Every structure is written in structure tokens, then in C-alpha cells.
Amino acid sequence: MRRDKLNDRFLELSSVMNPGKQAKLDKANILSDAARMVAQLRGEAEKLKESNEKLRENIKDLKEEKNELREEKVRLKVEKDRLEQQVKAMSVAPTGYVPHLPHPASYHPAAFAPFVPPQQAAGNKSAPIPAPFPGMAMWQWLPPTIVDTTQDPKLWPPNA
């Protein structure tokens, strides 16, 4: 019974090692094939372990690089925002300057006819209203950010 069990095990081992082929009946060949296959599988397992270790190191390096890139992205975003603020501050015209109109100082009083406000008719004896630049409205010289009143309720709460 013991020999029969061993013979059955040898046949089973032979069929596992060479599926689909005729089972070898020579026990020495079956054992040598099994030993060769075990050695081959150990070699493959060792190669897979080395490959796995290299991949883990590669993953670790990539994670470090990813974190460095994130930090650099944050730094660049902060610098971009700072530069945008500088550009915005530089692009805002100084108060009282409108680029498409000449500066008020370029208007010489002799070049234009004197402006007489309608309140100063000949029969009116009220005090004259001073006009800083004859014939021009002062709102033209204000930058659009000052003229814009959409943000007033947020910037200046109502008085009680």
C-alpha cells in the first residue's frame, strides 16, 4: 500500500510538471525534472523580488519628486500672485490721470475762450463758483476704480 501511494504521488507529480503529456513512469526522471523546475522557480522568484525592490525604490523616488513639485508649484503660485499684484499696481493710472486725454496743465488759458458758468449771468450778483479747469468736468480725470461705486456698501458700512 505504501508503494502504491508513492507510485500514485509520482504519477501526480509527473502530470503536474508536464500537463497534457504522457506521465513518465521513471521515478528518477520525475525527481530530476521536479528538482530542475524547483530551481527554476526559485530563480524566477528571486528575480521578481529584486524587480519588486527596484520598483519600490522607484516609487519612493517618484513620491519625493512629486512632493518637491507640489512645493515648487505652491511657491510659483505665490510668486505669480505677487507679480500680478505688482503689475496691477503699476498698470493703475495715478489719480487724476487719464491716458487718452492730455494733462490739464497742458491747457493754457489763452488757448480757449473763457468759460462763464450759467450762474454768472450779467444780472446775477451771487458769488462766483470757482472752476479749476475751465470747460471740463473733473470726473474725466479720475481713474475708473475711483468712479466705480459698486463696492461702496462693502467698503463703507452705513452710518447709524
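This is a predicted model: local features need pLDDT of at least 70, side-chain atom pairs count only at pLDDT 80 or more; totals for chains, interfaces and linings use all residues.
Local features were considered at pLDDT of at least 70 and side-chain atom pairs only at pLDDT 80 or more, whereas totals for chains, interfaces and linings use all residues. Residues are numbered from 1 along each chain as its sequence is written, and side-chain values use heavy atoms, with hydrogens and water left out.

The chain has a mean pLDDT (the predictor's confidence in each residue, from 0 to 100) of 78, and 64% of its residues score at least 70. Four helices and zero strands were assigned, as DSSP runs numbered from the N terminus (H or I, at least four residues, for helices; E, at least two, for strands). Mean confidence is highest in α2, at 94, and lowest in α3 (residues 144-147), at 67. Of the 160 residues, 7% are buried, buried being under 20% relative accessible area, exposed over 50% and partly exposed in between (1.4 Å probe, protein chains only).

Three salt bridges were found in the whole structure, each defined as a side-chain nitrogen of Lys or Arg within 4 Å of a carboxyl oxygen of Asp or Glu. In helix α1 (residues 2-17), E12 and R9 lie three residues apart and pair at 4.0 Å. The R36 and D33 side chains meet at 3.6 Å, N to O; D33 is buried at 14% relative accessibility, while R36 is partly exposed at 47%. K80 and E84, four residues apart in helix α2, also form a salt bridge, at 3.6 Å.

E53, E57, D61, E64, E65, E68, E71 and E72 form a negatively charged surface patch, like charges being joined within 9 Å among residues with over 30% relative accessible area and no salt bridge. E68, located in helix α2 (residues 27-91), is exposed at 51% relative accessibility.

Note on methods. Patches are made of residues with over 30% relative accessible area and no salt bridge: like charges are joined within 9 Å, nonpolar side chains (Val, Leu, Ile, Met, Phe, Trp, Tyr) within 5 Å. Accessible areas come from the Shrake-Rupley method with a 1.4 Å probe; for residues, only the protein chains shown count as cover. Lys and Arg count as positive and Asp and Glu as negative; His and the chain ends are not counted. The place of a charge is taken as NZ of Lys, CZ of Arg, CG of Asp or CD of Glu.
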